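Please have the structure open while you read.

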Amino acid sequence: MSRVYNFSAGPAVLPEEVLREAAEEMLDYKGTGMSVMEMSHRSKAFEDIITAAEQDLRDLLNIPENYKVMFLQGGASMQFAMLPMNLMKNGVADYIVTGQWAKKAYSEAQKYGKANKIASSEDQTFSYIPDCSDLPVSEDADYVYICENNTIYGTKFKTLPNTKGKPLVADVSSCFLSEPMDVEKYGVIYGGVQKNIGPAGVVIVIMREDLIPDSVDAKVPTMLQYKTHADAKSLYNTPPAYGIYICGKVFQWLKNMGGLSVMKQRNEEKAALLYDFLDSSQLFQGTVVKKDRSLMNVPFVTGDADLDAKFVKEAAAAGLVNLKGHRTVGGMRASIYNAMPIEGVKKLVEFMKTFEAENA
Ligand SMILES: *Cc1c(COP(=O)(O)O)cnc(C)c1O
């Protein structure tokens with residue numbers, strides 16, 4: 001067996017310890033004689049799994065009592081619709097568009113009400129985060145929406161927008177649990193877990209209780225109402241049980257690592273290795289404004305598409321895989337999530353140095 005360094009943006013690298021544990025428990029989970037994949041979601045064993053997962057997530061993020069945690073399906077993309085369907089009481093929401101994911105969420109919201117684009121960085125191919133200290137937030141906005149870390153472009157909000165009292169809704173798919181967050185500053189935090197937490201198929205929603213409507217438009221499917229899932233503690237129907245089990249293991253792993261402050265330090269250290277090299281390189285350049293750089297997704301280019309392709313190919317041959325940039329951007333992108341060890345980043349930087357020397 002040989003594992004590669006996987007720089008994929010998602011589905012992405014998971015901690016090796018977690019995979020090993022899951023492998024050990026595959027045929028017989030804690031004396032049940034079956035795999036977690038095979039057990040009833042109403043069983044005691046699974047109830048313990050989902051209860052512990054929620055509690056560990058609450059501990060990691062310090063989630064206050066008045067926030068519900070839901071493990072849902074449909075990916076982050078389902079939330080693009082579920083949010084406006086449930087939260088647009090006045091039928092108005094403000095969107096800050098800093099990349100493709102925010103743009104998709106914004107256009108989906110337009111189906112359900114008046115979605116206003118109150119800021120955007122599309123004029124410079126989403127290479128920066130706009131100043132959001134004094135935006136024209138709508139008087140009757142039900143919420144203000146951001147994508148906190150832009151997976152494709154590699155930017156991150158270092159300061160949250162001034163929402164002028166409106167609830168902030170944030171897609172944190174690609175920075176989930178990469179550093180501590182002040183949950184109380186948000187109305188809703190959600191993310192698909194396949195970037196930084198677990199296997200595709202689970203999306204986690206953390207929502208302030210008072211935002212969950214008791215009733216919504218009668219046409220909203222029961223499955224797409226937050227109340228359904230909040231009341232049933234994510235067990236209204238069969239949840240993505242195996243995925244939740246792996247997420248739970250990753251939460252345990254994060255706790256054992258020392259929690260999110262420690263992860264933040266590690267992530268800063270890894271990102272600095274790569275960014276410092278990019279800033280000193282004659283061949284490679286980062287593509288976004290320095291102050292808005294993401295700790296998780298690092299896009300870079302040589303400026304020559306053929307050379308980029310050569311780099312991606314040779315890197316893969318050296319065991320550094322999935323470095324091709326998003327199809328809409330080109331170039332390269334290294335996603336260096338929680339589970340990417342620092343050795344992987346060191347190896348990547350060494351490889352880049354050698355490639356630069358050979359192709360100067
Ligand atoms: C990947 C991603 C999505 C889409 O996730 P799916 O689970 O595939 O729907 C949405 N937002 C962000 C920030 C992402 O990185």
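1. Helix α2 (44-61) passes α6 (residues 241-257) in a left-handed crossing, meaning that the near helix is turned anticlockwise from the far one by less than a right angle, whereas clockwise would be right-handed. The axes of α2 and α6 come within 9 Å and cross at roughly 40 degrees, which makes α2 oblique to α6. Axes here are lines fitted to C-alpha atoms, for helices over the stretch in contact, and angles run from 0 to 180 degrees between N-to-C directions. Under 35 degrees counts as roughly parallel, over 145 as roughly antiparallel, 65 to 115 as roughly perpendicular and the rest as oblique.

2. A word on the basis: this is a predicted model, where local features need pLDDT of at least 70 and side-chain atom pairs count only at pLDDT 80 or more, while totals for chains, interfaces and linings use all residues. Residues are numbered from 1 along each chain as its sequence is written, and side-chain values use heavy atoms, with hydrogens and water left out. Helices (H or I, at least four residues) and strands (E, at least two) are DSSP runs, numbered from the N terminus.

3. The other helix pair is α8 (residues 305-317) with α9 (residues 342-358), whose axes come within 11 Å and cross at roughly 130 degrees. That angle makes α8 oblique to α9, and α8 passes α9 in a right-handed crossing.

4. A polar backbone atom of Ala76 is 3.0 Å from a ligand oxygen. The protein covers 86% of the 380 Å² of accessible area that the ligand has on its own (Shrake-Rupley method, 1.4 Å probe).

5. Two backbone spots are worth a look. Most residues other than glycine have a negative phi, and most peptide bonds are trans. Asn62, in the loop between α2 and β2 (67-72), has a positive phi near 55 degrees. The Gly10 to Pro11 peptide bond is cis, with omega near -15 degrees; Pro11 sits in the loop between β1 (5-6) and α1 (16-24).

Key. A polar contact is a pair of N or O atoms within 3.5 Å; within protein, one must be able to donate a hydrogen and the other to accept it, and residues adjacent in sequence count only if both atoms are side-chain atoms.
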